[in-house]
Amino acid sequence: MRVVEVARFGGPEVLTLTEAPDPSPGPGEVVVETAYANVLWIDTAIRAGRAGQWFPVRPPYRPGSGVSGTVSAVGPGVDPAWAGRRVVARTGPVGGYLDRAPVPVDDVRAVPAAVSLRDAAALLTDGATAFAVLDLVGVRPGDRVLVTAAAGGAGALLVQAARAAGARVVAAARGTAKGDALRRLGVTDVVDYSAPDWTDRVRAVLGGVDVLLDGAGGAYGRAAHDLVAPGGRVCAYGAPAGGFAVPEPASARTRGITVTDIEALRTAGPQVRRAHLLAALDAAATGRVTPLVGQTFPLDRAADAHRAVEDRAAVGKTLLTP
């Protein structure tokens, strides 16, 4: 089979497609024939050697964290009924940029009939993250919600799910292409935060922000904090614009702001993560959310996928496919 490997930290060019023996499932395992592989911003940070504080990965290693596809083989102790089923799975240390993934059957989830394998891959991490954020923050009907990085994989889901919960939502994204993609999903209030007065535009729509869901970080996240109303809630779950941004503790206390950061998501147990993934799959199956998949690259162009994510040229979710 083909698999992407990283022999040293560096730019996208260090992603190397190699041949490896086809996997056989061990006890309690299945082999998933990959249809789509999940690509994350954190994959690019790990590859570049910038994520050691969160993920102690050292080369050589196989990048990626999950796939969607069809079970092609089952190992000893696994119900034979899994064979041929459409599934989505976290792949762990075997990596995710590969043709076939051997994974414990406990890490496999069936994909509902109404959800495509492409959308299932898009929901694997970003869907679980989005529904974890909503669970932690508790978006309520009537809340005024600002989502930054709203045209990202998780951001687009958060915008849709918050609107479905009855909130008034402003989606902040960078550039015309990302704004247009959000509007095609039915999002009406979109603000381009490459404009110098973007925070004024948010105020004009919402007045104040009860809930800030910050997937951008950096200067965008810091500017968004000033919009949060007294007693508001903030969750910083992403950092592609330059590091996680959370309000100063003294300022947050004075304004009565509740802050949830990424640690609350990272430390959730596997049962909680599985529950959030199932919630995301159910929301997609019932039409409450639609993953925003902006680009799909073949496996041998994994480097181009990473470049698109790092250059912030990617719209929505980025996937690989064999």
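Biologist: How far apart are the mean positions of the positive and negative charges of the chain?

Modeller: Ground rules for this predicted model: local features need pLDDT of at least 70, side-chain atom pairs count only at pLDDT 80 or more, and totals for chains, interfaces and linings use all residues. Residues are numbered from 1 along each chain as its sequence is written, and side-chain values use heavy atoms, with hydrogens and water left out. Lys and Arg count as positive, Asp and Glu as negative, while His and the chain ends are not counted; each charge sits at NZ of Lys, CZ of Arg, CG of Asp or CD of Glu. With 34 positive and 31 negative charges in the chain, their mean positions are separated by 3 Å.

Biologist: What radius of gyration does the chain have?

Modeller: The C-alpha atoms fill a box of roughly 60 × 40 × 35 Å along the principal axes. The globule rule, 2.2 Å times the number of residues to the power 0.38, goes with a radius taken over C-alpha atoms. For 322 residues a compact globule would come out near 20 Å, and the chain agrees, at 20 Å.

Biologist: And what percentage of the residues counts as buried?

Modeller: Buried is under 20% relative accessible area, exposed is over 50%, and partly exposed is in between (1.4 Å probe, protein chains only). Of the 322 residues, the buried share is 54%.

Biologist: Is Lys178 buried or exposed?

Modeller: Lys178 lies in helix H5. Beyond its neighbours within four places in sequence, Lys178 is in contact (heavy atoms within 4.5 Å) with Ala151, Ala173, Arg312, Ala314 and Val315. Because its relative accessibility is 12%, Lys178 counts as buried.

Biologist: Arg312 is one of those contacts of Lys178. What is the phi of Arg312?

Modeller: Arg312 is in the loop between helix H11 (302-310) and strand S15 (317-321). With a relative accessible area of 23%, Arg312 is partly exposed. Although Arg312 is a residue other than glycine, its phi is positive, near 60°.

Biologist: What about Ala149, what phi does it have?

Modeller: Ala149 is in the loop between S8 and H4. Its relative accessibility is 17%, so Ala149 counts as buried. Ala149 is not a glycine either, yet has a positive phi of about 50°.

Biologist: What is omega for the cis peptide bond that joins Pro59 and Pro60?

Modeller: Pro60 is placed in the loop between helix H1 (41-47) and strand S4 (66-74). For the cis bond from Pro59 to Pro60, omega is about -5°.

Terms used:
Helices (H or I, at least four residues) and strands (E, at least two) are DSSP runs, numbered from the N terminus.
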